[in-house]
Amino acid sequence: MDITYQRNLRKSYMCIETTEDVIEEHELMILQKYKVPQLLQTQVVIQDGKVQYWFEITGKQQLADYLGGKPIRAQMLKKILFSLERACEKMPEFLLQEDRICLMQEMLYVDLKDEMVYFTYLPFWKSSFPETFERWMEDVLREIDHQEKECVELAYHIYEGSRKENVSIYDLLEEVRKGEVIAFQQDFIEEKVEKPEESSLKSWKREYMPQELNTQPEERKWKKILSTKIEELQSEVKEYVKSKVPKLFPRPLTSSKKEKTEKSQKVYHTELLCKQQQGIEGKLIYQGENECADLVIDSVEFFIGRNSDEVDGSIATEGISRIHARIIQKEGAYYIEDLNSTNGTYLNGEFLEYHRSAKLERNDKVRFGVEEYVFY
């Protein structure tokens, strides 16, 4: 299975060429005709007598690129899992099977607008989704932020659950979903119920304190007022949750998988997550008119983009994507690649396709959108 990337004036594609035959022909027709939630849109292209599957990735980045070299945190892990749950829920409506979902790292994409996660459905893929999901969770355990307690607990909870028989994604995420609702309730109440400042005490009393309480001691008045108010807010939260939180009932992951005895022990991973540093050598000298800073390439993997908090080198001007490109040091040389940026990355005037690595030479001209640099 060969993966390449194509781009025209309007759209970007991940292209997969394979000699494998489609397992179910109707799946191919459905994928091309309908837009299935959380799945990349698909079309079949025949070039030079070879069949290619083109998956539209316009405005999306591979998960690893979106993270910009950082570990997976709890919020991102929840987005991935809930997006996968929604895909599994909706696929039966389109006569699709979860066994065709590929969870390889380069097949997971994040939409840059709404941060929803999208998956690749391969009509020729032969796998068991429960086993694929379990192996993927083993990889996730190595990629999570081990300094974030919530993320570690969530990842191990899902991993342990994935090893059980007859389990569904809905079952695995039920406790997570309950935790989200409880957290939402707590935040909602804390936001609404705040003890007023002394300056506004009288007006707050007039609004919330019943007249008949004026004869009671102050402490008892406050307790009764707050108790009544919290009860009202809890009732309001329940109604809101009932109307807003979707009910998701995806198909079971498996009905026959047996837990392997050799996996009876928990698997724990501890890794050092940091960027390997090298001496300061490479540099991009700014050539434009927007007073952007030069970029000193001081790490093995150097990300470039708009948001200074998420990248190593920031270009805070219009037309630069959140994480636009990266430069990699390898065997004493520097290589640059575009990360499916909106306005592209150019080397000496040549447009770089997504993930096409190009070697940088001294005095090369590099352009991110309209901002130009010289590599030194």
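**Notebook: a first look through the chain**

I started with burial: 44% of the 376 residues of the chain count as buried. Buried means under 20% relative accessible area, exposed over 50%, and partly exposed in between, with a 1.4 Å probe and protein chains only. I noted that this is a predicted model, where local features need pLDDT of at least 70, side-chain atom pairs count only at pLDDT 80 or more, and totals for chains, interfaces and linings use all residues. Residues are numbered from 1 along each chain as its sequence is written, and side-chain values use heavy atoms, with hydrogens and water left out.

**Whole chain**

I looked up the surface next. The accessible surface of the chain is about 21400 Å², and 46% of that belongs to carbon and sulfur atoms. These areas come from the Shrake-Rupley method with a 1.4 Å probe.

I listed 8 helices and 20 strands in the chain. Helices (H or I, at least four residues) and strands (E, at least two) are DSSP runs, numbered from the N terminus.

I then checked contacts, meaning heavy atoms within 4.5 Å. Of the contacts in the chain with a separation of 6 or more, 61% come from residues 24 or more positions apart.

**The sheet with β1 to β4**

I traced an open sheet of 4 strands in the order β1-β2-β4-β3, with antiparallel pairing. Two strands pair if DSSP finds at least two bridges between them. The edge strands are β1 (2–7) and β3 (42–47), each pairing on one side only. Neighbouring strands here are turned by 30 degrees against each other on average, direction ignored.

I followed β1 to β2 (residues 12–17): 6 bridges join these antiparallel strands. Q6 stands opposite Y13 in β2.

Which helix packs on this sheet? I found helix α1 (residues 25–33), which touches β3 and β4 (50–56). The direction of α1 makes about 110 degrees with that of β3.

**Helix α3 and its partners**

I took α3 (residues 74–90) with α5 (residues 149–162). Their axes come within 8 Å and cross at roughly 30 degrees. Axes are lines fitted to C-alpha atoms, for helices over the stretch in contact, and angles run from 0 to 180 degrees between N-to-C directions. α3 and α5 are therefore roughly parallel. Angles under 35 degrees count as roughly parallel, over 145 as roughly antiparallel, 65 to 115 as roughly perpendicular and the rest as oblique.

On the α3 side I noted A74, L77, K78 and L81; on the α5 side, E150, C151, L154, A155 and I158. By class, this contact has 7 nonpolar, no polar and 2 charged residues. Ala, Val, Leu, Ile, Met, Phe, Trp, Tyr, Cys and Pro count as nonpolar, Asp, Glu, Lys and Arg as charged, and the others, Gly among them, as polar.

How far apart are the axes of α3 and α4 (residues 129–143)? I read 13 Å, at an angle of about 170 degrees. That makes α3 roughly antiparallel to α4. L77, I80, L81, L84 and C88 of α3 meet F129, F133, W136 and V140 of α4. I counted 9 nonpolar residues there, with no polar and no charged ones.

I found β12 (residues 301–305) mostly covered, with 4 of its 5 residues buried. β12 pairs antiparallel with β14 (residues 325–330) over 4 bridges, and E301 has I328 as its bridge partner in β14. β12 also pairs with β13 (residues 313–314), in the parallel sense over 2 bridges.

Last, I checked V370, in the loop between β19 (365–368) and β20 (371–375). Is V370 buried or exposed? V370 counts as exposed, because its relative accessibility is 67%.
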